[in-house]
Amino acid sequence: YSITTALGMAYEGAKSQTASEIQTLFGFPTDSTARQSAFATLHKHLNPQKAGYQLSIANSFWAQQGFDFLPEYTDVLREHYSAEATNVDFAGETEATRLRINKWVSDKTAERIPELFEPGMLTPDTRLALVNAIYFKGKWAEQFDPERTQEREFRAPDGKVMAPTMWHKADFEYGEDENVQVIALPYADSELEMLV
């Protein structure tokens, strides 16, 4: 979802071969009304205002100053992607720009991701940063009791080690084949689950 949304935002401003390549790769509808409506609907669905959990997805588009955004483009980002578009100075104020983007991400993730871009990741040659931040907080339907944490054997790539392990006995949805084992851990509202 994150990659598709980021490239969807880029596609809205792309032309010619770039637009064609993004469209071919992601299969975006060429009809802008259908595409933009689908992204807006999906964003609204994935950012519910519910008491049982917090889920928010934030998008932003950061471009070097001098590469000005057309108002029509920023309107599309805002209206259909709930995204912000900002001109910054990667070339002259690289570190200040890095800190500004990191602050934006930190604010959108309840400070869980305080530093998306480490020093040196953005350079004076950077011209564009597409940023997607996701924040989720929810309670398990079946709570883990901290008192039941036990030292158990864990198989690491370099051998077996003992590790504190959460332990809980309950019925969960589970499936496997010769390549994978999957368990579904539901959250309290029964609307969301984590697949491991």
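**Reading a sheet and its helices**

A58 stands opposite A133 in β3.

Me: Before we start, what kind of model is this?

Reply: This is a predicted model, where local features need pLDDT of at least 70, side-chain atom pairs count only at pLDDT 80 or more, and totals for chains, interfaces and linings use all residues. Residues are numbered from 1 along each chain as its sequence is written, and side-chain values use heavy atoms, leaving out hydrogens and water.

Me: Happy with that. In what order do the strands form the sheet?

Reply: Strands (E, at least two residues) and helices (H or I, at least four) are DSSP runs, numbered from the N terminus. Two strands pair if DSSP finds at least two bridges between them. Here 3 strands form an open sheet, ordered β2-β1-β3, with mixed pairing. β2 and β3 are at the edges with a single partner strand each, so one side of each has no neighbour in the sheet. β1 and β3 run antiparallel, joined by 11 bridges.

Me: Which residues of α5 are buried?

Reply: Buried means under 20% relative accessible area, exposed over 50%, and partly exposed in between (1.4 Å probe, protein chains only). An α-helix has 3.6 residues a turn, so residues three or four places apart point the same way. In α5 the buried ones are T94, T97, R98, I101, N102, W104, V105 and S106.

Me: And what covers the buried residues of α5?

Reply: Look for contact, meaning heavy atoms within 4.5 Å. The cover includes β1 (53-64), β2 (83-88) and β3 (128-138). After α5 comes A110, with a positive phi near 50 degrees.
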